[in-house]
Amino acid sequence: MSEQRDKAFVQHSIDTGLESMQGNPFLAQRIMNQERTEQPVMKKKISFAFILAMILVILSIATAVAGAVNEDFNAWLYRIWPEAAMKLMPVNQSCVNQGIRMEVISAVAEGSDVLVTYAMEDLEGNRIDENTEVYIDVEYTECTSSCDHVASPLYDPDEKKIIGSSMISFESDINPADWEIGMYTTCVMQRKHSTVNLLPLLQEYGSQAKSAAVPEQAVVYGGYQGSDFMICYGDFEEKWDIPDSMHVLDWQNGLDIPLADEVSLSGIGFVDGLLHVQLHYKVPNVVETQYMGHYGEGTVSYSPYEIWPVLCDADEEEELYASKKYRSADMLPGGISHMTWKSDSTPGESWDEVIFAMDSEPTDAQSFFADITVQNAITGDWYINVPLRMIQHAE
């Protein structure tokens, strides 16, 4: 056969492999939907060769799941088209910890970038679903790296498995002459997402809203610094002056309407002509979980609850937590849109207050809801040494 006809035959073989997914239409549809809708997140521009490699890796995931790729096929393919065979050759190494199996399906490298495709499967229960998040990192000659998801993982409910990709960028190029590379994670993050419509709660309880002085221990979580809108994280490195005339909802006589197991809506209504929403956290909003991994003991810090009141027009998507017109600096006192404060008497207890630049009750023309994510970290030691001969290069 001519080289052109050989490659055409290979393409037909790949297409046939994809057709074999008809036995699992859910997985096939997810792959096709992702191809149409997902936008890759990359740290920098990558070459056409690596884009081709990514496409072939996606095909390798599909065909590997469908059972259409095997060593004989790859050996034959390598003889007539080695570049494609190198991209399709799977890694297929795995480990099990905490009853969860991690498999490195494939890995492709170009320069200092490595694209890893992986699977996480729960062998004991239902701890993995379409909301599960995992970051597979890579250890290579002690280089500093950064990690990004390439696209949202695929989820197979029958296998209780997610299949995902991570893009790891290193400070230096991957050298094929080196012996091996370590792929690992120490945390599988369970996430459950829901929403609560706040408009009926405002209509029912808004008239009961009472104001109170801002607690002395309150710190500003977000707002305008000059013309820039900012959200503070960690230890609130950015500081704002809180105006003496500013008020919050009466947090000591809250509504206590449950939004999650340990978080409630403690207030909703208008204060000083602006719409306020107050949340009451009965447990610490940041927790730490210890683990013993391949590199020793460590700590995973995360928020068990991420709850954001959101306000935007119904025909648009919100920016951050609200459309710009509902967080206008000219209307917000001191430019402040978020505050938080801790209890003086109960460790871990705290309140958040969100202020919207809106002086009248929202209607059906707006989307006004609480966006709720409940998280739990499963920590452990998932580590696989992969020989570099199995991490193919896109060049």
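Burial, pairing and sheet order

Student: Why is C187 called buried?

Tutor: C187 has 14% relative accessibility. Buried means under 20% relative accessible area, exposed over 50% and partly exposed in between, with a 1.4 Å probe and protein chains only as cover. C187 therefore counts as buried. The model is a predicted one, in which local features need pLDDT of at least 70 and side-chain atom pairs count only at pLDDT 80 or more, while totals for chains, interfaces and linings use all residues. Residues are numbered from 1 along each chain as its sequence is written, and side-chain values use heavy atoms, leaving out hydrogens and water.

Student: What makes C95 buried or exposed?

Tutor: C95 has 15% relative accessibility, so C95 counts as buried. Over the chain of 395 residues, 49% are counted as buried.

Student: How many disulfides does a search of the whole structure find?

Tutor: The search finds zero. A disulfide would require a pair of cysteine sulfur atoms within 2.5 Å.

Student: What share of contacts joins residues at least 24 apart?

Tutor: Contact means heavy atoms within 4.5 Å. Among contacts between residues at least 6 apart in sequence, the share is 71%.

Student: How do you know that β11 and β12 pair?

Tutor: Two strands pair if DSSP finds at least two bridges between them. Strands here are DSSP runs of E with at least two residues, and helices are runs of H or I with at least four, numbered from the N terminus. Strand β11 (residues 219-225) and β12 have four bridges, in the antiparallel sense; they therefore meet the rule for pairing.

Student: Which residues form the covered face of β12?

Tutor: F229 and I231 form the covered face, and D228 and M230 the uncovered one.

Student: Why are β12 and β14 called edge strands?

Tutor: The open sheet has seven strands with antiparallel pairing, in the order β12-β11-β20-β21-β16-β15-β14. Strands β12 and β14 (257-260) each have a single partner strand, so one side of each lacks a neighbour in the sheet. Neighbouring strands are turned by 25° against each other on average, direction ignored; the axes are lines fitted to C-alpha atoms.

Student: How many bridges join β15 to β16?

Tutor: Eight bridges join β15 (residues 263-271) to β16 (residues 274-281), and the two strands run antiparallel. Within this pair, V263 stands opposite Y281 in β16.

Notes. Axes are lines fitted to C-alpha atoms, for helices over the stretch in contact, and angles run from 0 to 180 degrees between N-to-C directions.
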